Amino acid sequence: MAMCAAVVQVEDLTVQFPPAAGEENNLQALGPVSFAVQPQEFVAVLGPSGSGKSTLLRVLAGLLPPSTGRVQVCGGSTAQVGLVFQQANLMPWRNVLQNITLPLELRGVPQAEAQRLGREWIEVIGLQGFESAWPRELSGGMAQRVALARALIQNPDLLLLDEPFGALDALTRERLAAELLTLWQARRNTVLMVTHSISEALLLSDRVLVFTSRPGRISLDLPVTLPRPRQEEMRYTATFGEMARALRAAIG
Amino acid sequence: MQLSSFLRPRWLMPLSAALGLAAWAALSRWSGLPAFILPPPGRVAARLWLTLQDGTLTRHTAATLLEVLLGLLAGSLAATLLGYGLARYRWLERLLSPYLVASQAIPIVAIAPLIVIWFGPGLFSKVLICALIVFFPILINTIVGLHAVPENLRDLMRSLHASRWQTLRYLEIPAAMPVFLGGLRIGATLSVIGAVVGEFVGADRGLGFLINVARGQFDTALVFVAVFTLILLALTLYGTVVLAEHHWLRWQRCPARPPQSPGGTQP
Ligand SMILES: Nc1ncnc2c1ncn2[C@@H]1O[C@H](COP(=O)(O)OP(=O)(O)OP(=O)(O)O)[C@@H](O)[C@H]1O
Ligand SMILES: [Mg+2]
């Protein structure tokens with residue numbers, strides 16, 4: 001990774017969309033917001049629906065240009081960014097292993113090496129035996145694990161998660177969050193994760209950014225003081241409860 | 001044996017063929033129609049044997065097959081390339097679509113004579129007619145297929161810094177393949193029609209030419225032989241595309257497995 005002060009540096013970013021039919025003014029979806037994400041930091045983003053969280057992630061992933069302000073992702077246009085959406089977004093014509101190795105293939109990593117790494121990741125996410133299964137044969141939780149592995153296999157400079165467990169049932173969701181915690185604690189990629197779950201944010205992240213409703217601005221930047229390594233049981237501690245209350249109040 | 005198990009699909013095809021054949025034989029025997037109107041199956045079989053032996057059938061079939069395949073290739077190649085351009089650039093679609101739609105209003109049978117006048121009665125005019133008739137369905141299906149590429153997967157490819165070529169190879173082609181192959185399936189049978197139309201207008205070989213000649217000589221049995229060969233040809237081409245679909249679209253076909261995690265518990 002190139003030498004940068006921070007992995008993500010956002011200054012006075014705003015995003016406007018052209019006016020909807022029958023409207024006069026541009027639709028301001030986001031900002032202005034300013035924040036930075038340090039290397040190996042796990043930042044969670046909470047906020048009401050429509051507050052521009054996905055929009056922010058799309059800007060960081062280079063999928064959408066900022067309207068005003070500056071956004072810098074360390075490494076610039078060559079930064080490796082891992083993206084996981086609410087839907088797994090697997091390629092239905094590639095099997096599990098092929099989906100996971102896609103980023104490596106695109107980067108020209110030799111087939112054998114890509115396959116070896118891919119199998120390692122299949123083991124990490126516990127899908128042994130499903131290497132050659134097609135995406136449509138997977139449950140939602142399994143598919144989302146594959147999406148996570150696909151994002152992480154390139155060891156991204158920045159991992160962007162947009163409600164990665166949002167489409168899953170509550171139990172699967174908790175379990176995948178715990179798995180992500182273990183995964184992250186072993187690897188420490190820099191992560192920006194959008195979530196609607198306060199407890200998920202607290203359990204996983206070092207810092208929680210709370211967004212206001214549209215246009216999204218940061219109304220609270222809360223450091224999570226729970227010690228590392230974290231365990232699921234910390235959900236039931238007093239500190240956790242206090243912070244959860246503060247976040248709930250900030251979201252309004 | 002129960003009737004339902006006797007009528008299993010495996011039995012159904014030969015059964016219906018046998019019934020058809022029997023009906024044909026009965027009709028030609030008892031209807032009093034002369035052989036040059038409705039030749040009996042035996043006579044057609046004998047004619048088939050004869051034309052197979054002296055190589056006539058093989059020669060004409062090969063000529064038609066060549067036209068059909070070259071036309072299919074040229075037509076689908078052009079349609080795919082143009083379809084990609086039209087799907088990618090909206091302005092190009094706006095610019096060309098009036099012409100494309102209007103061109104579909106012209107029956108190919110009506111302009112086939114023109115094409116033969118302009119390009120002569122040789123191979124080229126037939127290939128051109130086949131290509132023209134194949135062009136439109138494949139063009140439409142290419143465009144529809146490319147429009148169906150999920151936006152989320154495009155985002156994924158962009159976030160991975162995929163080049164345009166990689167996006168084409170890893171995303172657009174496989175995503176458009178099911179619809180494209182549907183177009184190719186239609187195109188394959190249309191191409192046979194195109195070749196016959198071209199040969200009717202002017203040719204010195206091919207199954208369409210054979211039909212023309214046989215008709216002139218009231219050799220109706222030979223017309224039947226040529227028609228059956230054409231049907232077989234079209235079915236074979238169709239079947240080939242279906243086989244390709246079977247292979248390339250495996251991922252669509254497999255039954256969805258009931259959700260189950262490797263550990264046996266629900267993930
Ligand atoms: N491509 C677009 N064109 C026009 N408006 C858009 C576009 N994308 C998003 N918006 C608008 O921008 C606002 C923010 O959308 P965004 O998806 O970023 O919200 P969000 O915080 O992710 O919401 P949610 O929690 O429901 O996912 C919304 O009002 C949305 O309608
Ligand atoms: Mg969103």
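Reply: Start with Glu163(A). One of its polar side-chain atoms lies 3.3 Å from an oxygen atom of ligand 1. A polar contact here is a pair of N or O atoms within 3.5 Å; within protein, one atom must be able to donate a hydrogen and the other to accept it, and residues adjacent in sequence count only if both atoms are side-chain atoms.

A word on how to read this predicted model: local features need pLDDT of at least 70 and side-chain atom pairs pLDDT 80 or more, while totals for chains, interfaces and linings use all residues; side-chain values use heavy atoms, without hydrogens or water. Residues are numbered from 1 along each chain as its sequence is written; chains are lettered from A, and ligands numbered from 1, in the order in which they are written.

Back to the ligand. Ser49(A) has a polar side-chain atom 2.5 Å from an oxygen atom of ligand 1. Thr55(A) also places a polar side-chain atom 2.5 Å from a ligand oxygen. On its own, ligand 1 has 630 Å² of accessible area, and the protein covers 62% of that. (Accessible areas come from the Shrake-Rupley method with a 1.4 Å probe; for residues, only the protein chains shown count as cover.)

Which elements give two or more residues to the shell around ligand 1? They are β2 (27–37) and α1 (53–60) of chain A. Helices (H or I, at least four residues) and strands (E, at least two) are DSSP runs, numbered from the N terminus. With three residues, α1(A) gives the most to this shell.

There are 14 residues around ligand 1. Ser49(A), Gly50(A), Lys53(A), Ser54(A) and Thr55(A) come nearest. To be near, a residue needs a heavy atom within 4 Å of the molecule or strand. By type, the shell has four nonpolar, seven polar and three charged residues. Ala, Val, Leu, Ile, Met, Phe, Trp, Tyr, Cys and Pro count as nonpolar; Asp, Glu, Lys and Arg as charged; the others, Gly among them, as polar.

Now the charged pairs. Side chains of opposite charge can pair when their charged atoms come close. The whole structure has 18 salt bridges over all chains. A salt bridge is a side-chain nitrogen of Lys or Arg within 4 Å of a carboxyl oxygen of Asp or Glu.

Take Arg207(A) and Glu41(A). Their side chains form a salt bridge, 3.2 Å from N to O. Arg207(A) is in strand β8 (residues 207–211) of chain A and Glu41(A) in the loop between β2 and β3 (42–46), so this pair ties together parts 166 residues apart in sequence. Arg207(A) and Glu41(A) are buried. Buried means under 20% relative accessible area, exposed over 50%, and partly exposed in between (1.4 Å probe, protein chains only). A network of salt bridges links Glu41(A), Arg207(A) and Asp221(A).

Chain B has its own examples. Glu245(B) pairs with Arg185(B) in a salt bridge, with the closest N and O atoms 3.2 Å apart. Glu245(B) lies in helix α11 (residues 220–248) and Arg185(B) in helix α9 (residues 164–201) of chain B, so the pair ties together parts 60 residues apart in sequence. Glu245(B), at 13% relative accessibility, is buried. Arg185(B), at 25%, is partly exposed.

Glu93(B) and Arg90(B) form another salt bridge, their closest N and O atoms 3.6 Å apart. They sit three residues apart in helix α5 (residues 90–105) of chain B, which separates them by about one helical turn.

Finally, the rings. There are eight aromatic pairs over all chains. Phe42(A) and Trp184(A) make an edge-to-face pair, 5.4 Å centre to centre with 80° between the planes. Phe42(A) is in strand β3 of chain A and Trp184(A) in helix α5 (residues 170–187) of chain A, 142 residues apart. Phe42(A) and Trp184(A) are buried. Trp93(A) and Trp251(B) have ring centres 5.9 Å apart and planes at 65°, so this pair is edge-to-face. Trp93(A) lies in the loop between β5 (81–84) and α2 (96–106) of chain A and Trp251(B) in helix α12 (residues 250–253) of chain B, so the pair joins two chains. Trp93(A) and Trp251(B) are buried. The rule: rings of Phe, Tyr and Trp (its six-membered ring) pair if their centres lie within 6.5 Å; planes under 30 degrees apart count as stacked, over 60 as edge-to-face and the rest as tilted. In chain B, Trp24(B), Phe224(B) and Phe228(B) form one aromatic cluster.
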